[in-house]
Amino acid sequence: MSTRDLETKPVIGLEIHVQLATRTKLFCGCPLEFGAEPNSRVCPVCLGMPGVLPVMNRTAFELAVRAATALHCDIARFTKWDRKSYYYPDLPKNYQISQYDLPFSSDGYFDVPVGETTKRVRILRVHLEEDAGKNLHDNPAVTLVDLNRTGTPLLEIVTQPDIESADEAYAFCTELQKLVTYLGVSEANMQMGHMRFEPNINVHITRDGVVYKTPIVEVKNLNSFRSVRGAVMYEIERQIQDWLADPTYTLENRGKENRGWNDTREITEFQRSKEEAHDYRYFPEPDLVPVEISEAWLAELQADIPELPLDRQQRLQDEVELSAADAATIVGDRATADLFEAAIAAGGHGITLGKQFISFWLRRAKERNTSIAGLGIDAERLGELSRLTADGTINATAAARIAEHMLDSADTPMAIAQREGLIQVKDVGQMQVWVDEAFAANAKAVQDAVSNPKKQQRARGFLTGQVMKLSAGQADPKIVGELIDKKLAELAAG
Amino acid sequence: MAALTDIRDAIRSRACSSREAVLACIEAIQACDPQLKAFVSYDGDRAIERAEEIDEQIEQGQPLGPLAGVPIAVKDNLCTSFGYTTCSSKMLEHFAAPYDAHVIQCLNAAGAVIIGKTNLDEFAMGSSTENSGLFQTKNPWDVSRVPGGSSGGSAAAVAARLVPAALGSDTGGSIRQPASFCGVTGLKPTYGRVSRYGLVAYGSSLDQIGPLAQDVRDAALLLGVIAGHDPRDSTSVQHDVPDYVAALDAPLTHVRIGVPAEYFGEGLDPEVRAAVEAALDVYRQRGAELVPVHLPHLAYAIACYYLIATAEASSNLARYDGVHYGYRSEKVTDYVDLYCASRQEGFGPEVRRRIMLGTFALSSGYYDAYYLKALKVRTLIRQDFEKAFEACDVIAGPVAPTPAFRLGEKASDPLSMYLADIYTISVNLAGLPGISIPCGRSADGLPIGLQLMGPHFGEAPLLRIAHEYQRETDWHTRTPPVCANGTKE
Ligand SMILES: [Zn+2]
């Protein structure tokens, strides 16, 4: 039987860990530093030495509440910490300080753009916990433990199973990255492992009016958007095929299982099942006091939340008339979007600026492995370039040349245009001289343009090019076109 | 060895030097400790060096801390950046802590000279110091008997006058019960009064560090040095530290002493009862009013305590796994094996028993019936005390049901050992301050203790009322037959 005869509905939830952008760890003062020498960013507290006690990092808690607020979650006025017990060499206390039954936030939602529409995904809970260290298995004979990462603050975001496709899962993850960077909650640097994903996937299959559910599969520890999309896509298809091959392959019979993602082969592979999982023996952390949140503190924090990416994108589409795709690209990086709006405020021309951002500045930024904001060009100059282009002072070709100069000089676009002789000539008399000159020198082309219908278009273009050449690129192509048309019409009539 | 305050004053007035006081201590330890075995470690050279530093400061007229030059001992579950912090366990026998506990920093800042570290029941789990993974400490009043526990080393050392005072820790009675067995004064402060930073955790929500001393005045002096908020311990409370010593001389008017019937019921040794009742009489004669109070949930305190303390212990002691520090088994093949063998070999039987009990109590399916229920009972016990304190200033009763028992007497019966904590653990569950002061002797010549319990952060009045008893009696001045220095009976 092929899948075409079935009605299938993928049911996907996500568990996402986001590393918070604090200077220090969650329960001690050790600095967070990627790539430091192993075990050089540790102290008795994060090493789990006898007698040490944790102290909560207030900034981490604030960032966490910021993120949960932006995800429209209810913020608990009373929240506590719990110990989650399991033995592993990278966990020096052999318990992780986390939040179990009273997380600081729950019941939110996140709107994610999917194609032309917006998908609302409900958030079950968001809580705060400490990260473990790393076991290094470089040498097969020994396991080395690096505890630099131990105690790093992590936000765990758990969604309801509202996601229905790999593309939606992908969109959720990328949009979340945008959100947390916007909020300053996380650097969300994927290379540094700041975001890790664990999708829960199963499929509801309807055949002959009966609904069958495949086992819920949790794919562990994905650390790229691409692997999220790949794993979800692979799982949906695999589960349907496995069920087709064996109708007892159902949630009822098999329960839940864990699988890992093989990035090279692009498949998921079976791991231990959830029934065999640990009894984590959660209990309230006696070394930390519960956190009580005051209304005033919360109100202050909420007032401080900036416009969210999706709202900003919509506003730019409405106010500046950018296309959805261009607006999304510009909004994708908060600093770039801030620069864009600052350039408009400095007198820039919106649509033209949008075009220049996408067609020119973005390309240059990518070549240099940075964002547009990272190019270091100030808003005033960006705005001026778009304004000069829009009002016809320079033409598009000149704008591109001026922009190149702007990358390595602090001069204004106007100064560059003057220095380089790129100001568009608007003197119609001068342009008429160039047109007449071009007509005189290219009799054959004039002949074709007037009387050869097959070659008319090409000949006209050739003449325009000749005029631009005579003007050294400074003639206004629009006026040149009008002058040529007028002269050709006279010749035809004449 | 004279009392803490006397030595402090003598050093301050240059009647003796810190070096002399420390040397006297070392001599006493050398003479007496081979028999008592109160100390896990002591470092005479280090102590003398430190004493000479203090003497130098005195010489130069520099400002002095409240314990300048005074020798002191600390329980070996308090982390020190010198020597080892063993917790009397094979697991940490060679563990050198990389930092000083908060109370150690307080002692250093006050100018005290830490002489050595005292024996305890392994990881403070026990009531006789027989569970020490290193060796047994003996009661100076009768070396065939236990000193109590778990701060048995500190109590024996103070009782035998090897040191003028010591620090202990109290999770279910571990300061008060050995103080009672050894005839010294021991105070468990309010939970949150003293920072636990650097105290190797047993039951985190119950543990509290406190002084063991010859009398209430010395205990008050020592408490004043170690009490106060510490940002490194989130459960330490920002509450003013009064001058506990000055408060001892405040006038005392109309004291109401609560007497809970539940503390005088079945299982209480008649000699202990008689001594405690005699002590209450002393108060009555001094004009105190004895008020009957009720603590109806006392019967559940032991069960409640052994669920909460062991649950927390099972988690607190998970870190001793042979991976990062401490004892590591040699004969292992993989990491699970490394955990199992290191913990099996590194921990003694009582520690293993409590870890298993606590692990069970927290297990999925049992949590609600055990741990969660214990937390509810704990709330009821706390409310019992709150209600009782509406009618009285302090509550009085025995510290332990019997005087010191014989070595080995209860070692094979952990349950009867647990029952010995009946009168002390409620105070830990309720987070209250409690003090044990000597109030008599059994026919066998063994000390008997009176326990006084106060409301949260009521240390000053509690000490004041305890001090009143010592003004009227001399039990606290008596010294045991095994005594290197001072008056023998
Ligand atoms: Zn640290």
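This is a predicted model: local features need pLDDT of at least 70, side-chain atom pairs count only at pLDDT 80 or more; totals for chains, interfaces and linings use all residues.
Colleague: What makes S2(A) and S6(A) a pair?

Modeller: Two strands pair if DSSP finds at least two bridges between them. S2(A), residues 74-75, and S6(A) have two bridges, in the antiparallel sense. Therefore they count as a pair. A:Asp74 has A:Ser106 in S6(A) as its bridge partner.

Colleague: How many bridges join S6(A) to S7(A)?

Modeller: Nine, and the strands run antiparallel. S7(A) covers residues 117-130. The threshold is at least two bridges, so this pair qualifies. Here A:Ser106 stands opposite A:Arg125.

Colleague: What lies between S6(A) and S7(A) in their hairpin?

Modeller: Two residues. A:Gly115 is in the turn, and has a positive phi of about 60 degrees.

Colleague: Which domains does chain A have?

Modeller: The domain assignment gives domain 1 (3-292), domain 2 (309-420) and domain 3 (428-493). The C-alpha centres of domain 1 and domain 2 of chain A lie 38 Å apart.

Colleague: How do you know that residues of domain 1 of chain A are in contact with residues of domain 2 of chain A?

Modeller: The test is C-beta atoms, placed from the backbone, within 7 Å. Six residues of domain 1 of chain A are in contact with four residues of domain 2 of chain A. On the domain 1 side, strand S6 (105-114) and helix H2 (166-183) of chain A each supply at least two residues. H2(A) gives the most, with four residues. That side divides into three nonpolar, one polar and two charged residues.

Colleague: Which elements of chain B give two or more residues to the side that touches chain A?

Modeller: Helices H10 (301-316), H11 (335-346) and H12 (349-362) of chain B. H10(B) gives the most, with three residues. Overall, 35 residues of chain B are in contact with 24 residues of chain A. The chain B side divides into 18 nonpolar, eleven polar and six charged residues.

How values were computed. Residues are numbered from 1 along each chain as its sequence is written. Chains are lettered from A and ligands numbered from 1 in the order in which they are written. Domain bounds come from an automatic or database domain assignment. Two residues are in contact if their C-beta atoms, placed from the backbone, lie within 7 Å. Ala, Val, Leu, Ile, Met, Phe, Trp, Tyr, Cys and Pro count as nonpolar, Asp, Glu, Lys and Arg as charged, and the others, Gly among them, as polar.
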